[in-house]
Amino acid sequence: MDSFYKNKIARAWWWKIIAIVCLVYTCYYGFIGEVPAMVVLHETIRNLYFHVTMWMAMMLLMLINAIYSIKYLSSLNRYHDIVAEESGKMAMVFAAAGLITGMVWANYTWGAPWTNDPQLNGTAATILMYAAYFILRNAIPDENKKAKVASVYAIFAFVMMFVFIMVIPKMYNSLHPGKGGNPGFNKYDLDSNMRMVFYPAVIGWCLLGTWLMSLKVRIRRIKEITEEN
Amino acid sequence: MSFTRKVAQLVLLEARLEWKNKQSITALLIYSLASIFVTYLAFQQTIDLTTWNSLFWLIMLFASTNAIAKSFLQDSKGLQLYYYSMLSPKHLILSKIIYNLILLSGLSLVNFFIFQLIFPISIDQTAQYLLSILLGSIGLSTVLTMVAGIVSKANNNAALLAILGFPLLFPLLSIIIQCSMNAINGFDWMVNQQLFIVLISLNLITVLLSYLLFPYLWRE
């Protein structure tokens with residue numbers, strides 16, 4: 001537990017400033033900035049800054065979840081388990097946000113909020129996996145046992161999730177922009193104007209997710225201290 | 001004793017325990033027979049190839065969940081303690097996976113023939129279909145055995161196996177259904193080759209993960 005207080009990065013302020021600056025910049029230029037005119041996509045291409053970036057933040061948080069689960073299994077330090085749990089929760093929040101922004105966008109672009117697309121199915125599976133992770137956590141009353149069993153499941157789930165959303169969609173055609181011959185924002189047509197907003201947006205949302213996660217970990221710590229006294 | 005011999009002996013032990021108590025294996029057969037018959041009543045023989053294939057794998061999914069649910073359940077407390085003192089967890093998980101693999105391959109072959117009997121269809125590439133059944137059984141047995149191990153630490157709640165296991169099986173099932181559909185439609189080996197390679201590597205990953213992670217579950 002004490003290692004958290006020695007963790008200077010969680011308490012440092014500089015990366016939180018970067019997060020705020022990036023997000024304000026994203027929100028301003030995301031709506032005002034120039035975007036290339038493309039068939040089908042038109043102005044909805046701006047969803048790139050708010051939808052795709054949600055997935056990036058979610059993937060980062062899931063990676064943190066998996067890394068801290070591995071760390072817990074090798075160290076049995078409870079702090080690692082708390083970080084794993086909170087990053088899993090925050091990943092679910094970003095998954096929900098990514099799903100909603102994607103469904104609103106798809107409703108106007110594809111004409112339906114849900115289609116049988118490998119990437120959508122992968123997302124649904126991922127959300128179910130992490131929901132199952134929390135059900136498993138709640139099913140075990142003993143703290144140490146819970147942490148251990150949940151870590152094992154989280155590592156297993158992360159690998160499966162990786163296969164499902166990174167490998168399988170490559171094998172099929174997708175409706176998503178830039179895939180299966182659809183116009184999109186891959187490296188050939190993502191112009192430099194959009195890149196100037198997209199990269200800061202990714203950094204901003206990822207940092208925001210990490211920041212929220214670290215705040216929740218600190219709240220847990222404060223609760224534990226107040227309960228001890 | 002060498003590693004393989006130890007695992008082989010454990011598989012034999014598992015089989016003997018199962019054989020001593022024949023009712024569980026009979027129950028499993030009747031479970032899948034009953035579910036096939038329910039689908040027969042529901043569909044009244046008008047069934048196309050895609051539905052045939054999907055139904056087959058759905059029934060396999062539920063039957064194997066049922067089959068594997070008891071794989072850690074039936075070990076009594078005394079037997080578990082005995083295992084704990086005598087064995088390394090790596091032997092145990094491998095032997096359980098291999099035993100469940102044999103069980104599921106047998107079950108899926110039986111299911112396959114009954115399915116063919118009730119809903120006769122012609123499969124163009126039977127060898128490919130059988131290979132996909134084998135690979136599917138490996139995947140199902142590995143993932144579900146590992147999850148059954150996890151569930152056994154969570155008060156053996158039976159519903160938990162399905163909740164935890166199904167999402168992990170989505171990647172496997174989506175590839176396997178595609179793969180076996182290609183076999184029914186009689187595509188050439190070349191078409192399915194990529195899918196088979198993905199399946200084999202997926203199975204390798206899951207076996208490796210269970211092998212590495214199970215010891216942590218064991219020593220709680």
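**View 1. Contact between chain B and chain A.** In this predicted model, 22 residues of chain B are in contact with 22 residues of chain A. On the chain B side, helix 6 (126–152), helix 7 (158–184) and helix 8 (189–218) each supply at least two of the touching residues. Helix 7 of chain B gives the most, with nine residues. Sorted by class, the side of chain B that touches chain A has 17 nonpolar, three polar and two charged residues.

**View 2. The largest nonpolar core.** This core has 111 residues. Those with the most contacts inside the core include Met58(A), Leu61(A), Tyr153(A) and Ala157(A) from chain A. Val147(B) and Ile150(B) from chain B are also among them. Helix 7 of chain A (residues 143–171) contributes the largest share of the core, 15 residues. In soluble globular proteins, nonpolar side chains tend to be buried together.

**View 3. Surroundings of Ala157(A).** Ala157(A) is one of the core residues with the most contacts inside the core. Neighbours within four places in sequence are left aside here.

**View 4. Asn144(A) in helix 7 of chain A.** Asn144(A) has its place in helix 7 of chain A. Is Asn144(A) buried or exposed? Asn144(A) counts as exposed because it has 12 C-beta neighbours inside 10 Å, and the cut-off for exposed is 12 or fewer. Met196(A) lies 52 residues from Asn144(A) along the chain. The C-alpha atoms of Asn144(A) and Met196(A) are separated by 46 Å.

Terms used. Residues numbered from 1 in each chain as written. Chains lettered and ligands numbered in written order. Predicted model: local features only at pLDDT ≥ 70, side-chain atom pairs only at ≥ 80, totals over all residues. Core = buried A, V, L, I, M, F, W, Y, C linked by C-beta atoms within 7 Å. Buried ≥ 20, exposed ≤ 12 C-beta atoms within 10 Å, placed from the backbone. Helix = DSSP H or I, 4+ residues; strand = E, 2+ residues; numbered from the N terminus. Contact = placed C-beta atoms within 7 Å. Nonpolar A, V, L, I, M, F, W, Y, C, P; charged D, E, K, R; others polar.
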